[in-house]
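Colleague: I would like a close look at a single part of this structure, and then at what lies around it. Please take it step by step, as for someone new to the subject.

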Amino acid sequence: MLKLNRKTVSVFASIALALTAPAFAAEKEIKVKGPSFKERSIDGAVDYKVKNGTYAGVYKVNPQRDKIKGFSYGRTPTANEIKASDIDVRYDWQGLPDGKGTAAKGDELFNKHCSMCHGDFGAGGKGYPPLSGGEKSSLKNQLLDPESGDEPPHKVIGSYWPYASTLWWYVKTGMPFPHPMSLTNDEVYSIVAYLLSVNEVQIDGEDIDDDMVIDKKKLMKVVMPNVDGFYPDVNGKDGALNMKKFLSNPQNYGTQTVRCMKNCEPGEVVHIKNSLDEGIIPPVSEKRDLPKEKKSSGGDNKYAKMFEASCNSCHGNSAIAPVPGDKEAWAPRIKQGKETLYEHALKGFKGMPPKGGTNLPDADIKGIVDYMIEKSK
Amino acid sequence: MENRIENKTEQRRGFLKNIAASVVAAGALAPVSMSAKDDPALIEEPEWGKKLGLPVDKYLYGVPSPYEHNVKRRVHKLLSSGDMYASVAMCPIQDLEGIITPNGLFFNRAHGGVAIVDPNKYRLIIHGLVEKPLVLTLDQLKRYPSESRIHFIECPANGSTGWRAPQFNTLQFMKGMMSQAEWTGVKLSVLLKDVGVKPTAKWVLAEGSDNSHMGRTIPIEKIMDDAMLVWAQNGEALRPEQGYPVRLLVPGWEGNLNVKWLKRLEFGDKPWHAKEETSKYTMLTPTGKAVRYFWPMEVNSVITHPSPDKPWTDLKKGDLVEIQGLAWSGHGTIKGVDITFDGGKNWVEASLKGLVLPKAWTRFSYIYKWDGKPIILGSRAYDDAGFVQPTITEEVSKMGVEGIYHRNAIVTWEVTAKGEVNNVHVRDYKKERESIEKMQKGAKDA
């Protein structure tokens, strides 16, 4: 027994020794083999198949799966149902509805619905994405050293977006952020005209001035300055095949095919200079202790929840709107009296849209305003 | 031999029992003074041995031990587009074991908040270039023959704060924009047999029913290959953060393409060019041109133990310790992982452990005897597609530092003599700058 123990120990010790001094592979480089182009799927990946009832060599598959068809679940949608669902606008303008607008009208709408987050003229500065103010020539900028004072590339609508169709589609279905799908088609035409004009995008070589009427025909003439700024081409007849060609060759994007094993030259060790750890919420901790009791902030009431759902997108950010609990910001407002605050919340006031853009009943809006006041006293 | 061991164990058990009994007796009746060498956790009766535990009906849907409250998703203002409705909550991958992410910890990226869709009003509509357009309710969809697959989902912006220099000293914020689950649903190629895709259909628009109406274009080849409509993760319904009740699963591809709260599939002859495939999720390169539609997540790996969050500060010089981590590739199956102790000059092979699945996290392991000296640890994965994880300089020399997405360069940890672990880069800035300038110049001349 004792003898056996000793033997185990010594074997173990010799393994341990090997572990401290890693045995280097004999080769300097090892090439990793992959499938041929033909054997790859559309993304350059290995094209796994079902073989002997097993997928990719690991998952068993019911062999009936690939033979049977004729499940008759569901039903055919009505023409109306398809029309209501089909809200996209493709790059070739398929799906763009009729309508018209002007940049002047768009300016007004933008100030009412958008500038509180995207800044005046969409120039940014409020923490939300900027929508204008970039040069296409900046796209080649590379800020390798943040302390160099070099400019990074500015990727905004005018400098970067390849298609204006995307702008129409996204403003219609994604903005304004707190309540999308609330703008009429004409309003979207106007806002798009405005955003194109502040980005100095031209139509047929002409600037978009305030009163130029932008309708479907006119908008479809827009060619964005950076339309050729993207590769591979997927719109032509080869379609996704060009992606396959690109993705199958890792050299195109810096990934390798060879493992360097010995005397490689990766460079120097670089430590963290500008740490972002401070901003992590909550701070990172590996402690296993009991959580501290949280004080109830009265946040459980009905109006607190409604505030969270309908108002917090603006009123949670002091760059946009007064945040409940910020006594300094609220004191002068509360001074105006409850009735004025109700009125402003219901009918709108400067950057504050009527009812915050919701269609909540008046009583609920008032309830939320009470909650906001209560929190800010 | 076996008998003898058994006997020994039994003897030992009896011995321990006697000690325990005498300690309890002593503790209860005549407390013995504990010596400095004794651990009170062993001498004293543990808290829950002296009272009732929780009733079994306390949590009818269970929660983790309160002691694990620090294992949670975390956020950072700089990683948002303005507020916490267009932002990401990072997965604490440093605290995960094995290859499955518990549903409550799965990373959470939203472009217009997390929608809580009513399953009774849920409809999936399939139309466009198909023989038979279709509407399905949730229950009808779930009637189709189901399959379960284990795949990671990774946001292509994972690790994007590291293009220029290291900036975070926690794994959660370096690589926490990914998680892995077992997904259950129906393969689209099975469902679509009944719909009948027209030969002219080359692309599919997948659209979500959230605030952003997330729309993404997928080529028909992927739809017919391994794409699925999934309604379950890790054995239960999808979480709202993961797209309840139904999301698209495109194994191995950018997280954003796995459209959540899926409500519509439209088949077309051209791609769409949505906001998330033009303004965002495209990779600007030093030539001023951008790569569009970069689908798969490239081969990648990171050492999770040790890491800044899991240091070796408790190790003694000469201790044996397991180095382990995660490797993954959207291009295929992990074939192997190499480890370096000198910042990438020399490499040795680690072992894979556990399940090795296509387009899935795979654990690797290396048992090491640490002599207490500083080292620079790193891992490098390779896959069966023939692809090898690049060094930082190899990647940056090709892509520059402004691409935001698809950063898969080797991660290195500095282990200090005290066992502290720091995120460091090993790179050759001069070489990177030269390559970038060459590309910029080439683009000007062209």
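Is Pro250(A) buried or exposed, and what is its relative accessibility?

Modeller: The model is a predicted one. Pro250(A) has a relative accessibility of 4% and therefore counts as buried, since the cut-off for that word is under 20%. As for its place in the chain, Pro250(A) belongs to the loop between α9 (241-248) and β10 (258-260) of chain A. Leaving out residues up to four places away in sequence, Pro250(A) touches Thr255(A), Gln256(A) and Thr257(A), and also Phe387(B).

Asp210(B) has a relative accessible area of 4%, so it is buried. Asp210(B) sits in the loop between β8 (203-208) and β9 (215-219) of chain B. Apart from neighbours within four places in sequence, Asp210(B) has contacts with Ala115(B) and Trp261(B). From Asp210(B) to Ser179(B) there are 31 residues along the chain, and 21 Å between the C-alpha atoms.

The largest nonpolar core has 168 residues, and the ones with the most contacts inside it are Leu219(A), Leu191(B), Leu229(B), Trp295(B) and Leu377(B). Helix α7 (residues 185-198) of chain A supplies the largest share of this core, eight residues. For Leu191(B), the contacts beyond four places in sequence are Ile126(B), Leu136(B), Leu141(B), Tyr144(B), Val186(B) and Leu229(B). A second core, separate and of 16 residues, has Ala345(A), Leu346(A), Ile368(A) and Val369(A) among its members.

Two of those names return in helix α13 (residues 338-347) of chain A, whose buried residues are Leu341(A), Tyr342(A), His344(A), Ala345(A) and Leu346(A). In general, an α-helix has 3.6 residues a turn, so residues three or four places apart point the same way. The buried residues of α13(A) are covered by elements that include α12 (327-335) and α14 (362-376) of chain A. Just past the end of α13(A), Gly348(A) has a positive phi of about 95 degrees.

Aromatic rings are the next topic. Over all chains there are 25 aromatic pairs. One of them joins Phe110(A) and Tyr194(A), with 5.3 Å from centre to centre and 40 degrees between the planes, a tilted pair. Phe110(A) is in helix α3 (residues 103-113) of chain A and Tyr194(A) in helix α7 of chain A, so the pair ties together parts 84 residues apart in sequence. Phe110(A) and Tyr194(A) are both buried.

Trp312(B) and Tyr368(B) make a stacked pair, because their planes are at 25 degrees with the ring centres 6.2 Å apart. Trp312(B) lies in the loop between β16 (300-305) and β17 (320-328) of chain B, and Tyr368(B) in strand β21 (residues 362-369) of chain B, so this pair ties together parts 56 residues apart in sequence. Both Trp312(B) and Tyr368(B) are buried.

The charged end of Lys244(A) sits over the ring of Phe37(A), 4.5 Å from its centre. In chain B, the charged end of Lys51(B) sits over the ring of Trp48(B), 4.3 Å from its centre.

Last, the domains. Chain A is divided into domain 1 (6-39), domain 2 (80-219) and domain 3 (302-376). The centres of domain 2 and domain 3 of chain A, taken over C-alpha atoms, are separated by 29 Å. Their contact involves six residues of domain 2 of chain A and nine residues of domain 3 of chain A. Together these two domains bury about 740 Å², 62% of it on carbon and sulfur atoms.

The assignment for chain B gives domain 1 (2-49), domain 2 (72-279) and domain 3 (300-445). Between the centres of domain 2 and domain 3 of chain B, taken over C-alpha atoms, there are 27 Å. The contact takes 38 residues from domain 2 of chain B and 39 residues from domain 3 of chain B. These two domains of chain B bury about 3200 Å² between them, 57% of it on carbon and sulfur atoms. On the side of domain 2 of chain B, Ile99(B), Trp163(B) and Arg164(B) lose the most area to domain 3 of chain B, together 24% of what that side buries.

Key. Residues are numbered from 1 along each chain as its sequence is written. Chains are lettered from A and ligands numbered from 1 in the order in which they are written. This is a predicted model: local features need pLDDT of at least 70, side-chain atom pairs count only at pLDDT 80 or more; totals for chains, interfaces and linings use all residues. Side-chain values use heavy atoms; hydrogens and water are left out. A nonpolar core is a set of buried Ala, Val, Leu, Ile, Met, Phe, Trp, Tyr and Cys residues joined through side-chain atoms within 4.5 Å. Buried means under 20% relative accessible area, exposed over 50%, partly exposed in between (1.4 Å probe, protein chains only). Helices (H or I, at least four residues) and strands (E, at least two) are DSSP runs, numbered from the N terminus. Contact means heavy atoms within 4.5 Å. Rings of Phe, Tyr and Trp (its six-membered ring) pair if their centres lie within 6.5 Å; planes under 30 degrees apart count as stacked, over 60 as edge-to-face and the rest as tilted. A charge sits over a ring if NZ of Lys or CZ of Arg is within 6 Å of the ring centre and within 35 degrees of the ring normal. Domain bounds come from an automatic or database domain assignment. Buried area is the accessible area (1.4 Å probe) that two parts lose on being put together, summed over both.
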